[in-house]
Amino acid sequence: MKINYNKETIELPKDTMTVAEFIEWKEIPTKAMAFAINNRIVRKTEWNDRQFSEGDSVTVVNAAFGG
């Protein structure tokens with residue numbers, strides 16, 4: 001299955017994948033980050049259940065601190 005991840009088309013390693021599996025696969029740090037599918041935030045409590053669909057647009061934003 002193909003999705004758009006931060007404006008790049010990628011192929012997922014399997015046909016069904018949850019947000020939690022994706023985060024683990026891509027080794028995304030989960031501290032101070034937001035995860036959105038099709039411009040809708042996916043809450044951390046939904047990560048184990050929310051699966052991707054073909055062509056989903058995924059955005060991951062990590063907060064930057066400092067001055």
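# Close-up views of a predicted model

**View 1. Gly55 counts as partly exposed, with a relative accessibility of 42%.** Here buried means under 20% relative accessible area, exposed means over 50%, and partly exposed lies in between (1.4 Å probe, protein chains only). This is a predicted model, in which local features need pLDDT of at least 70 and side-chain atom pairs count only at pLDDT 80 or more, whereas totals for chains, interfaces and linings use all residues. Residues are numbered from 1 along each chain as its sequence is written, and side-chain values use heavy atoms, with hydrogens and water left out. Gly55 belongs to the loop between strand S4 (40-41) and S5; helices (H or I, at least four residues) and strands (E, at least two) are DSSP runs, numbered from the N terminus. Apart from neighbours within four places in sequence, Gly55 has contacts with Lys2, Ile3 and Asn4, a contact being heavy atoms within 4.5 Å. Between Gly55 and Tyr5, which are 50 residues apart along the chain, the C-alpha separation is 9.7 Å.

**View 2. Helix H1 comprises residues 19-26, and Val19, Phe22 and Ile23 are buried in it.** Viewed down the axis of H1, these buried residues fall within an arc of 100 degrees, so they line one face of the helix. The arc is that of the directions from the helix axis to the C-beta atoms. The cover over the buried residues of H1 includes strand S1 (2-5), strand S2 (8-11), strand S3 (33-37) and strand S5 (57-62). After H1 comes Glu27, with a positive phi near 55 degrees.

**View 3. Thr18 lies in the loop between S2 and H1.** With a relative accessibility of 10%, Thr18 counts as buried. When its neighbours within four places in sequence are set aside, the residues in contact with Thr18 are Trp47, Asn48, Arg50, Gln51 and Phe52.

**View 4. The loop between S3 and S4 holds Asn38 and also Asn39.** Most residues other than glycine have a negative phi, and most peptide bonds are trans. Asn38, a residue other than glycine, has a positive phi near 50 degrees. Asn39 is not a glycine either, and its phi is positive at about 65 degrees. In terms of accessibility, Asn38 is partly exposed, with a relative accessible area of 39%, whereas Asn39 is exposed at 75%.

**View 5. The protein chain as a whole contains one helix and five strands.** Starting at the N terminus, the order of the elements is β-β-α-β-β-β. The chain has a radius of gyration of 12 Å, which agrees with the value near 11 Å that a compact globule of 67 residues would have. This radius is taken over C-alpha atoms, and the globule rule is 2.2 Å times the number of residues to the power 0.38. Along the principal axes, the C-alpha atoms fill a box of roughly 40 × 25 × 20 Å. Of the 67 residues, 31% are buried. Among contacts with a separation of 6 or more, 51% involve residues 24 or more positions apart.
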